[in-house]
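Hi everyone, and thanks for coming. Please take a look at the picture with me before I start talking.

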Amino acid sequence: MTQQTDTGRPLLRSRRDVIAGAIFLVIAAAFAWQATSYDMGRMIRMGPGFIPIVLAIMLGALAIGVMLVRSDPGEHETGRPIPWRGIALVSFALILFGAYGRVLGLVPVVFLATLVTALASRRNSIIAAFGIAVALSALCYVIFKLGLGVVLPTIGPVFGPFEIL
């Protein structure tokens, strides 16, 4: 029996959803393949390959779900503009974090990357973006420096006498 909408139209698989799911599935497979080169460890003492494999499996399950779910053809918006601002700012934030993490330190680089990412949404004001950046910087400090003891300096050498390891 074919699934139908309230109006009686049959639910179809969107071609865009199938393509997006296939892309996710390829990415998940690549991550899983790369993760097999690391030691998996055991459940009680996980190795460096355990979390990447679990995340790859989760992404693969999501990909299969996206590909299999049927949707109402009228539900998808067409002609919506591509959010270039968001794409550019989020990409810039990732590059900023990767390139300047050790120089700036954990707290400043998380603050800047979060601020730039929060400004990617037109719904966030500058004040809201600053609030999000402060909160996430504090949370990352507590989790990664105090909780996990990450070796990234808290405040990096670029700040000279204010450097905090």
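Predicted model: local features only at pLDDT ≥ 70, side-chain atom pairs only at ≥ 80, totals over all residues.

Residues are numbered from 1 along each chain as its sequence is written, and side-chain values use heavy atoms, with hydrogens and water left out.

So what is in the chain? There are five helices and zero strands. Helices here are DSSP runs of H or I with at least four residues, strands are runs of E with at least two, and both are numbered from the N terminus. Of the 165 residues, 25% count as buried. Buried means under 20% relative accessible area, with exposed over 50% and partly exposed in between, using a 1.4 Å probe and protein chains only.

Now find helix 3, residues 84-104, and helix 4, residues 106-118. How do their axes cross? They come within 9 Å and cross at roughly 170°. Axes are lines fitted to C-alpha atoms, for helices over the stretch in contact, and angles run from 0 to 180 degrees between N-to-C directions. Helix 3 and helix 4 are therefore roughly antiparallel to each other; that label is for angles over 145 degrees, while under 35 is roughly parallel, 65 to 115 roughly perpendicular, and the rest oblique.

Which residues make this contact? Among them are Leu89, Phe92 and Leu96 of helix 3, and Val109, Leu112 and Val116 of helix 4. Contact means heavy atoms within 4.5 Å. The contact residues divide into 15 nonpolar, two polar and no charged. Here Ala, Val, Leu, Ile, Met, Phe, Trp, Tyr, Cys and Pro count as nonpolar, Asp, Glu, Lys and Arg as charged, and the others, Gly among them, as polar.

Let's stay with helix 4. Its buried residues include Leu106, Pro108 and Thr114, and what covers the buried residues includes helix 3 and helix 5 (126-147). Thr114 has a relative accessible area of 11%, and touches Ile132, Ala133 and Leu136, not counting residues up to four places away in sequence.

Finally, helix 5. Ala129, Ala133, Ser137, Cys140 and Lys145 are buried there, and the buried residues of helix 5 pack against helix 4. Just after helix 5, Gly149 takes a positive phi of about 65°.
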